[in-house]
Amino acid sequence: RPGQGSCFHFSGTFGVEVAAEPASAGDFSGQHALVVMRNAAAAETMTAILRTRGFDVFKTARVDDALQDLSRTARMGSRCDLLLADADLLLADQARLLHGLPQGVSPTPVVALGVFGDSGGHAARLRTEGVNCQLIKPVADDELLDAVRLVQGTLPATFELGEITLDQSLADTLATSQDDALRVLLVEDNAVNQELAVRMLQKLG
């Protein structure tokens, strides 16, 4: 009513949604990861992501501490399943962190973390050291986990890709080239992006 307002009531039945655990949680249960990063806040973020997926994580900013963890893990008859480290720390002291593994220990899958611009040329030097998976900070959760699966050789054979919108000129080119597959040169120095780009191109035919 004008000037008096209204009074009303109703009854309803509502269900309570139970939060489901992410499907990917626990993918790496029981695995050991070594995080070597200078920035404490960034290291904590990476550590939290890995721990939510089941990793047991040792975190440090010192190469000497990292090498001690690798040796300790080897003495326990185990191995480090992942080394996640700043690119400059991986290359410090003649790449001591990469070459300082105890004798007879299996190589550790490595993911390097770089910065935009890479003025020190770390990416090229890491490739010569056999490190082919390099991410640029800041790193999203799914990007990190895909990189881990890639270096461990467990990345799924197929991605669930959504619809891809093509520029009209490219769509016309593909439509007229159905009999002869196009040859594409892909230039990308990030291994995860390489894999994703290849599968997107394959989906396009």
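Asp-93 counts as exposed, because its relative accessibility of 51% lies over the 50% cut-off. In this predicted model, the residue sits in helix H3, which covers residues 87–99.

The protein contains seven helices and five strands. Read from the N terminus, the elements follow the order β-α-β-α-β-α-β-α-β-α-α-α. Of the 205 residues, 31% count as buried. Among contacts with a separation of 6 or more, 69% join residues 24 or more positions apart.

The interior comes next. In soluble globular proteins, nonpolar side chains tend to be buried together. Here the largest nonpolar core has 23 residues, and those with the most contacts inside it are Leu-50, Phe-55, Leu-84, Leu-135 and Leu-144. At least two residues of this core are supplied by each of strand S1 (32–36), helix H1 (40–52), strand S3 (82–86), strand S4 (110–114), helix H5 (141–152) and helix H7 (191–203). Another core, of 20 residues, lies apart from it and includes Val-63, Leu-67, Leu-83 and Ala-85.

Leaving aside residues up to four places away in sequence, Leu-144 touches Met-46, Ile-49, Leu-50, Leu-84, Leu-135 and Val-139. Its helix, H5, has twelve residues and reaches 17 Å from first C-alpha to last, close to the 16 Å expected at 1.5 Å a residue. Buried positions in H5 are Leu-144, Leu-145, Ala-147, Val-148 and Arg-149. After H5 comes Gly-153, with a positive phi near 75 degrees.

H5 also packs against H1. The axes of these two helices come within 11 Å and cross at roughly 65 degrees, and the crossing is right-handed. On the H1 side, Met-46, Ile-49 and Leu-50 take part, meeting Asp-141, Leu-144, Leu-145 and Val-148 in H5.

Pro-138 is placed in the loop between strand S5 (134–136) and H5, and the peptide bond from Lys-137 to Pro-138 is cis, with omega near 0 degrees. Gly-114, found in strand S4, touches Lys-137 as well as Ala-87, Leu-135 and Ile-136, not counting residues up to four places away in sequence. Gly-114 counts as buried because its relative accessibility of 16% falls under the 20% cut-off.

The cysteines complete the account. A disulfide is a covalent bond between the sulfur atoms of two cysteines. A search of the whole structure finds zero disulfides. Cys-80 is buried, since its relative accessible area is 4%, and Cys-133 is buried as well, with a relative accessible area of 3%.

Notes: Residues numbered from 1 in each chain as written. Predicted model: local features only at pLDDT ≥ 70, side-chain atom pairs only at ≥ 80, totals over all residues. Heavy atoms only, no water. Core = buried A, V, L, I, M, F, W, Y, C linked by side-chain atoms within 4.5 Å. Buried < 20%, exposed > 50% of the residue type's maximum accessible area, 1.4 Å probe, protein only. Helix = DSSP H or I, 4+ residues; strand = E, 2+ residues; numbered from the N terminus. Contact = heavy atoms within 4.5 Å. Expected span 1.5 Å × (residues − 1). Disulfide = S-S within 2.5 Å. Axes fitted to C-alpha atoms, helices over the stretch in contact; angles between N-to-C directions. Left-handed = near helix turned anticlockwise from the far one by under 90°.
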